[in-house]
Amino acid sequence: MSNELVQAIEQVGREKGIDVDIIIHAVEDAYAAAAKKRLRTKEELCARLDRETGSIAVYARKKIVEDVTDPDLEISPGDAQDLSLPASEEGIVEILKSREEISRLGRIEAQAAKQIIFQKVREAERDNIYREYAGRTGELINGVVKRFERGNIVVDLGRTEALLPKKEQSKAERYSQGDRIRAVIVDVDRNAKGPQVIVSRTDERLLMKLFEMEVPEIYDGTVLIERAVHDPGDRAKVAVRSKDRDVDPVGACVGMKGSRVQSIIRELRGEKIDIVQYSDDINTFVTNALNPAKINRVQLVDSENKGLEVVVDDEQLSLAIGKKGQNVRLASRLVGWKIDIKSEQEKKREVEAEMERMARDSREMDMLRDEIGEKTIQKLREGGVRSLDAVAAAGVEGLTQIPGVGPKTAEKIVAASEVGLERRAAAEEEARLAAEQEAEEAARRAAEDAAAVEAAAAAEMQTDEGGDQAVDSEETPGLDPEAGESPLGAADDAANPPGVGDGGTPGHDMTEDPNLTDGEGDAEPREGV
């Protein structure tokens, strides 16, 4: 051994980015394992590398005990004193092995040592990679598509590889081997094969990091992105606010003629982005989040479960809901509240139905006047029981909690309410039957009208067919049946017009033509053919 070993270890450490002490410990462990394999001993061996000379010494570790039962692992105090071996705090001494024993290491032992060194170096590399990327979750990184594995994409990051799972890929994107890709780190999985960096193209943090790269006001902290949600490859909503009153957060993100946001849209393969202004007032925030729809009013319906009701004009309803509910779904995720959108007409019908129900409840309570009296009805209303349904829900026990209502009165009230509910059920059943009868009558009239239309169409068709037959049966004009003329003769005449005979030339008579000559000039006329 020489100092060249130490230089080689230092070079490997620089290339791999591994601490030199880790490699030295790996070499020492490998040398000790090789020596134990060669010597075939049960002793606990360890090795020490001298960084000055590059030489390696092997020691046998033994524990000092009074009664030695295992000479390979134990030593008596007297023997340790004879060898002048210093003991550690745990009572362990190290006995140097002779160089003659170690010098007999062969090829098999060297190969085993090599495997141990490689394993230790790989483990050190994995630890370095894990420490490097474990604290970079949410950071934007660049890589190159290396290969595809069952729908997943393996991305080359330089020192290591990252995995882009299928569920983290945008449906609007397609990649080929060698394409550059930009993604955000979402997790670092430490497994037996080494740390696995998981990246994503659908995480909201990717959208926020892209805005941070493109908008200087976000990078320096003047404009803050409060929340961002998106349907990957389709649409996104980003809520921003400004620390400076003179800086418009929405305008800063959009840029001159949309230059800043357009670069982000191109990176996300055409994903539409709505940039809205954040507000601490939930009504204002919801109104902004449902952009581009115009909102008439926002009402709080359930503060405990975070429920809101939004009313829009009838022509704005479809725009507020969006394609397949996308606009209201993204707005709900952005504000963190459940949003129920209704049109003015629908809200009007609900109010009318509620008023009709209240009027019905008031009439039904008034109908109990003869059974329980006006004063008792007034006490029930003061106690919050304003309908027969409320009476049935409260029962005798609940009604007795109302001031001025005793058990007997409560029983009387419950009995009267049951009669009223039976009357209501009978009236509803009668109304249902009347509606069914009216529907059947309407269906019957519609069937009769359809049958009448079909009969009229059939009659018109028969009339047209009779007229065509009458025209075909009329005699051909210009023919005299008594003279023996027939349509066939007329056809023959039409086929052979005057001037055309059997074997003749069209347009010429078969008599002699004095102008027909054999030659030119004064030639003798020739006879007709």
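The protein chain contains 18 helices and 15 strands, where helices (H or I, at least four residues) and strands (E, at least two) are DSSP runs numbered from the N terminus. The model is a predicted one, in which local features need pLDDT of at least 70 and side-chain atom pairs count only at pLDDT 80 or more, while totals for chains, interfaces and linings use all residues. Residues are numbered from 1 along each chain as its sequence is written, and side-chain values use heavy atoms, with hydrogens and water left out.

Of the 529 residues in the protein chain, 32% are buried; buried denotes under 20% relative accessible area, exposed over 50%, and partly exposed in between, with a 1.4 Å probe and protein chains only. Among contacts (heavy atoms within 4.5 Å) between residues at least 6 apart in sequence, 56% join residues at least 24 apart.

The description may begin with a barrel. Five strands close into it in the order β5-β6-β7-β9-β8, with mixed pairing; two strands pair if DSSP finds at least two bridges between them. From one strand to the next, the twist averages 50°. Strand β6 (residues 152–156) and strand β7 (residues 161–164) run antiparallel and are joined by four bridges, with V154 opposite L163 in β7. Helix α6 lies across β5 (140–149), β8 (180–191) and β9 (194–200), and runs at about 130° to β8. Such angles run from 0 to 180 degrees between N-to-C directions, and the axes are lines fitted to C-alpha atoms, for helices over the stretch in contact.

A further group of strands forms an open sheet. Its three strands follow the order β10-β11-β12, and the pairing is mixed. Strands β10 (223–231) and β12 (272–277) stand at the edges with a single partner strand each, so one side of each has no neighbour in the sheet. Neighbouring strands of this sheet are turned by 20° against each other on average, direction ignored. Strand β11 (residues 235–242) runs parallel to β12 and is joined to it by six bridges; A239 stands opposite V276 in β12.

Helix α6 (residues 204–214) also packs on this sheet, touching β10, β11 and β12, and its direction makes about 140° with that of β10. Helix α10 (residues 282–289) likewise lies across β10, β11 and β12, running at about 155° to β12.

Helix α9 (residues 259–267) has V261, S263, I264, I265 and E267 buried. The cover over the buried residues of α9 includes β8, α6, α8 (249–254) and β12. Just after α9, R269 takes a positive phi of about 60°.

Two side-chain features complete the account. Rings of Phe, Tyr and Trp (its six-membered ring) pair if their centres lie within 6.5 Å, and planes under 30 degrees apart count as stacked, over 60 as edge-to-face and the rest as tilted. This rule gives one aromatic pair: Y278 and F285 are edge-to-face, 4.9 Å centre to centre with 70° between the planes. Both Y278 and F285 are buried. The count of disulfides (a pair of cysteine sulfur atoms within 2.5 Å) is zero. Among the cysteines, C46 counts as buried because its relative accessibility is 10%, and C253 counts as buried because its relative accessibility is 0%.
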